[in-house]
Amino acid sequence: MDIEMIDRLFESADEWNRYMNEKSHDTVNDFSFQILKEKQLENRVFRNFDFTGAQFEFVSFDGSRFEKCKFENASVLYVSFVGCEFFDCSFSNDKIEHTTFRNTKVLQCMFERIQMLETDVSSCELENCLVIDSYFKKTKVFKSAVYSTEVNRSIMRDININICTFQGVNIARYILHLSLIHISEPTRH
């Protein structure tokens, strides 16, 4: 882990983003096994970050963008992702609990063996993603849209889906225990 990077992370969002723009877009930024608790890290860009084994608790990433990041064996607890964007990220063996995703876009991402527990997803968009061998429990999904996404060998238990759009979604070999309140007709904005 680069000590300068940690110091810059806790500066203002503008300073952090300037620092990230100065770095090569191909450089992998090692943030593995780092622990962040009770931090306000809004409006930051994270490009090519390796978050393997990282722990995030009571962190706000509102307004941030994650591009080509790797989350493996990460723990995400009471984290806020409001107005965020995830692009071309991979998630593997992660545990996401009591977390909020609102007005967030998840594009071209891969999720494998993740656990999402008691999480709220509202007004979000998931597009061109792959979800494999994952477990979702007590998750609420509201006014969200899923496009051109494949879900394989996953378990969904006690899921509440309300006013959502699904288009071009392929779900295979799954166990589903959910409450469907209202699924809208496929429309695209």
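## Nonpolar core

The largest nonpolar core comprises 46 residues, and those with the most contacts inside it are Phe51, Phe56, Phe61, Phe66 and Phe86. A nonpolar core is here a set of buried Ala, Val, Leu, Ile, Met, Phe, Trp, Tyr and Cys residues joined through side-chain atoms within 4.5 Å. Helix H1 (3-9), helix H2 (13-22) and strand E24 (155-167) are the elements that give two or more residues to this core, and E24 gives the most, with four residues. Helices (H or I, at least four residues) and strands (E, at least two) are DSSP runs, numbered from the N terminus.

Beyond its neighbours within four places in sequence, Phe56 is in contact (heavy atoms within 4.5 Å) with Phe31, Leu36, Phe51, Phe61, Phe71, Ser75, Val76, Leu77 and Val79.

## Basis of the model

This is a predicted model, in which local features need pLDDT of at least 70 and side-chain atom pairs count only at pLDDT 80 or more, while totals for chains, interfaces and linings use all residues. Residues are numbered from 1 along each chain as its sequence is written, and side-chain values use heavy atoms, with hydrogens and water left out.

## The loop between E2 and E3

Both Leu41 and Arg44 are found in the loop between strand E2 (35-37) and strand E3 (45-47). Leu41 counts as buried because its relative accessibility is 1%; buried means under 20% relative accessible area, exposed over 50%, and partly exposed in between (1.4 Å probe, protein chains only). Apart from residues within four places in sequence, Leu41 is in contact with Leu9, Phe10, Leu36, Val59, Ser60, Phe61 and Ser64.

Arg44 is buried yet has no salt bridge, defined as a side-chain nitrogen of Lys or Arg within 4 Å of a carboxyl oxygen of Asp or Glu. Not counting residues up to four places away in sequence, Arg44 touches residues including Leu9, Phe10, Trp16 and Arg65.

## Lys70 in strand E7

Lys70 is found in strand E7 (residues 70-72) and is partly exposed, with a relative accessible area of 33%. Its contacts, leaving aside neighbours within four places in sequence, are Phe49, Asp50, Phe51, Thr52 and Ser90. The C-alpha atoms of Lys70 and Ser90 are separated by 5.0 Å, although these residues are 20 apart along the chain.

Note on methods: Lys, Arg positive; Asp, Glu negative; His and termini not counted.
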